[in-house]
Amino acid sequence: MDISSRLENIHRRVEAAAARAGRSPKSVRLVVVTKYRTVAQIEEAIRAGATDIGENRVQEAEQKLGSLSGRDIVLHLIGHLQSNKAKRAVALFDWIHSLDSIGMARRLNRLAEEQEKTQRVLVQVDLSGEETKSGLPAAEIFETLDEMSRLESLSLEGLMVLPSYLPDPEEVRPYFARLREMRDAARARGCVKGPLEELSMGMSHDFDVAIEEGATMIRIGTALFGERPSSQPNLGAGR
Ligand SMILES: *Cc1c(COP(=O)(O)O)cnc(C)c1O
């Protein structure tokens, strides 16, 4: 199957899952994850109708997406952000899904102010309690959101989760439900200034379940492009 048929297929699954949850499929934004993919593959996805592109690393994104600028494409950073890359991340990305500390929030706020933009961010939550996973510990989330609310150049758009890989999507469902409950609770407390509407959750193997649980952004790589190569493409050649 080519990218265009796979994209069609994904859209049909989005529609079916949204229908099961009584939601509009338009409330789900498909972020096409292009880490390790070539510029040619990204362009093919865009020609097939992709509007939102997600990358894990700032440098790889700069190298590949620079040539796309000028097009009407929304760029998302979905991987862990290092502080020495924060400035370039603010320059490049419309959305940062992986904000996971108040220190990074302050840094992004300062950089966004310097660059005269309002940076849209999602706060990544660690729901598994594993030290290896990045994300804010769930226990600290409300307090941290309160503090982040005071940062005027950030727009707190929602929450993101990257659960540990579990082969059965039904096993992931409780994590998705929990993220939705946290968002709803944070909004009910009323102290978060941003809209806090978004739930970035669900990947190729579990996005149907994520949508049933309220996902507004799904991050899809392999379901669109096939298995991922194990390293970044050589960007020197061919382009
Ligand atoms: C790679 C990645 C994805 C996409 O995963 P697939 O299983 O290929 O769909 C989504 N989110 C994050 C944070 C990723 O790193």
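Visitor: Which atom of the ligand is 2.8 Å from an N or O atom in the side chain of Arg219?
Guide: A nitrogen atom of the ligand. The model is predicted, so local features need pLDDT of at least 70 and side-chain atom pairs pLDDT 80 or more, while totals for chains, interfaces and linings use all residues. Residues are numbered from 1 along each chain as its sequence is written, and side-chain values use heavy atoms, leaving out hydrogens and water.

Visitor: And what does Lys35 do there?
Guide: A polar side-chain atom of Lys35 lies 2.7 Å from an oxygen atom of the ligand.

Visitor: How much of the ligand's accessible area does the protein cover?
Guide: The protein covers 91% of the 380 Å² that the ligand has on its own, by the Shrake-Rupley method with a 1.4 Å probe.

Visitor: Switching to Thr222. Where is it found?
Guide: Thr222 is in helix α9, residues 222-225; a helix here is a DSSP run of H or I, at least four residues, and a strand is a run of E, at least two, both numbered from the N terminus.

Visitor: What is the relative accessible area of Thr222?
Guide: Thr222 has 24%. That counts as partly exposed, because buried means under 20% and exposed over 50% (1.4 Å probe, protein chains only).

Visitor: Which residues is Thr222 in contact with?
Guide: Leaving aside neighbours within four places in sequence, Thr222 is in contact with Arg37, Ser204, Glu227 and Arg228. Contact means heavy atoms within 4.5 Å.

Visitor: Now Asp100. Where does it lie?
Guide: Asp100 lies in the loop between β4 (95-99) and α5 (102-114).

Note on methods
Polar contact = N/O pair within 3.5 Å; in protein donor to acceptor, adjacent residues only side chain to side chain.
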